[in-house]
Amino acid sequence: MAVAGRRGTTASPHTSITTTAWPGSLDSWLSWIPLPKWALITVAVAGAILLLPFLICIVKCCCSKKKPKKKERIGLCAVSNSTTTNLVQPEMEDLESEVEQKQRGKLQYSLEYNFRIQELKVGVKQAVELKAMDSGGTSDPYVIVYLTSDVRKRYETKVYRKTLNPIFNESFTFQVPQAEVSESTLVMQVYDFNRFAKHDIIGEVRLPLASVNLQHVIEQWSDLAVASKVEEEHLGEICFSLRYVPSTGKLTVLILEAKQLKRMDSDGLSDPFVKVHLILNRKKWKKKRTSVKKNTLSPYFNEVFVFDVPFSQIQNVDVVISVWDHDKVTKNEPIGKLFLGCRATGNQLRHWSDMLSNPRRPLAQWHILQPPDVVDKALGLKSHLKLPLHSR
């Protein structure tokens with residue numbers, strides 16, 4: 001019995017170790033897997049490494065979802081009146097217009113007014129960070145400058161190809177009486193040139209002269225704003241082709257079509273035709289005209305005219321394109337004009353220069369019609385006599 005008791009007392013420690021030793025049962029469970037322990041540890045570590053990125057992503061997602069709610073609660077609960085709301089939380093339209101404003105770029109210009117001769121000199125210096133209007137991420141910018149007191153008198157800079165940072169360095173002069181200065185607004189509009197379609201406006205700067213101190217020369221930068229409506233009445237557009245062959249002295253003018261012409265008749269239409277004049281040394285020289293297209297504001301002509309212009313005289317020739325409204329009863333009325341040549345400016349000069357740079361190649365382009373009296377004044381014709389030309 002004593003021996004049995006001692007065995008019982010000695011057996012109890014073994015029993016307690018058996019019931020509390022979980023690793024022993026884990027070892028017995030792992031013994032059934034036909035892999036060594038180091039392989040099992042490697043598998044466990046690899047699994048933990050794979051699970052770790054998923055756990056991190058879950059934590060980040062939970063945190064990111066909670067933060068906006070917190071900001072939203074602060075923005076809505078902390079605001080007590082509408083004035084503060086507008087300051088803290090502006091309208092989406094304001095935000096969009098602000099972004100659009102910044103995307104248009106900046107224009108540098110100068111102003112100088114001569115009180116003695118009552119003359120305003122406007123210098124168009126350069127533009128930076130212009131809005132890209134072409135598919136290639138660039139633009140072909142040029143600037144139109146005019147005063148609201150006389151919208152018919154407009155100046156254009158040269159066109160600069162494929163750039164968002166053009167340097168113009170051109171100046172234009174306006175005769176403005178001192179009494180009219182305070183009532184005038186200077187408008188500088190930046191356009192993107194397009195040979196075969198309507199030119200897109202990038203933006204504009206409008207500067208009321210009453211807000212400017214013209215006692216000294218001004219040079220400053222301004223942000224381009226969204227262009228407002230054009231003050232001048234739209235006279236229409238015309239598309240024609242020019243081709244010059246120096247060896248034969250042949251100048252070919254192909255009148256293709258016109259569109260959106262001014263309504264001249266009571267029925268809201270016109271009977272347009274086109275005149276082509278050649279001016280040599282500021283004197284009328286040769287002219288031809290198309291047929292009349294009845295009751296239309298978008299006529300299609302496709303009529304070609306060939307003029308003999310020796311290469312020695314091409315620098316002295318101006319080509320005047322004018323659109324007229326035919327009337328059987330009264331006198332024919334001019335709708336609009338433009339002229340090309342070495343004395344021209346803007347798109348007209350560009351078209352003429354391209355023609356001279358590409359001999360024997362026809363080049364077509366759209367042009368905006370201008371008021372007839374403005375073109376006549378710019379031409380400054382000396383007389384109406386025909387000047388004979390000696391053939392070579």
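Rings of Phe, Tyr and Trp (its six-membered ring) form a pair if their centres lie within 6.5 Å; planes under 30 degrees apart count as stacked, over 60 as edge-to-face and the rest as tilted. The model examined here is predicted, with local features needing pLDDT of at least 70 and side-chain atom pairs counting only at pLDDT 80 or more, while totals for chains, interfaces and linings use all residues. Residues are numbered from 1 along each chain as its sequence is written, and side-chain values use heavy atoms, leaving out hydrogens and water.

Searching the whole structure gives five aromatic pairs. One of these joins Y113 and F115, whose ring centres are 4.8 Å apart and whose planes meet at 85°, so this pair is edge-to-face. Y113 is buried (under 20% relative accessible area; exposed is over 50% and partly exposed in between, with a 1.4 Å probe and protein chains only), because its relative accessibility is 7%. F115, at 32%, counts as partly exposed.

Y155 and F174 also make an edge-to-face pair, with 5.1 Å from centre to centre and 80° between the planes. This pair links distant parts of the chain, 19 residues apart: Y155 belongs to strand β4 (residues 150–156) and F174 to strand β5 (residues 167–175). Strands here are DSSP runs of E with at least two residues, numbered from the N terminus. F174 is buried, its relative accessible area being 3%. Together with F172, the residues Y155 and F174 are linked by ring pairs into a cluster.

Charges meet rings too. A charge sits over a ring if NZ of Lys or CZ of Arg is within 6 Å of the ring centre and within 35 degrees of the ring normal. R154 has its charged end over the ring of Y146, 3.9 Å from the centre, and the charged end of K275 sits over the ring of W324, 4.1 Å from its centre.

Note on methods
Helices (H or I, at least four residues) and strands (E, at least two) are DSSP runs, numbered from the N terminus.
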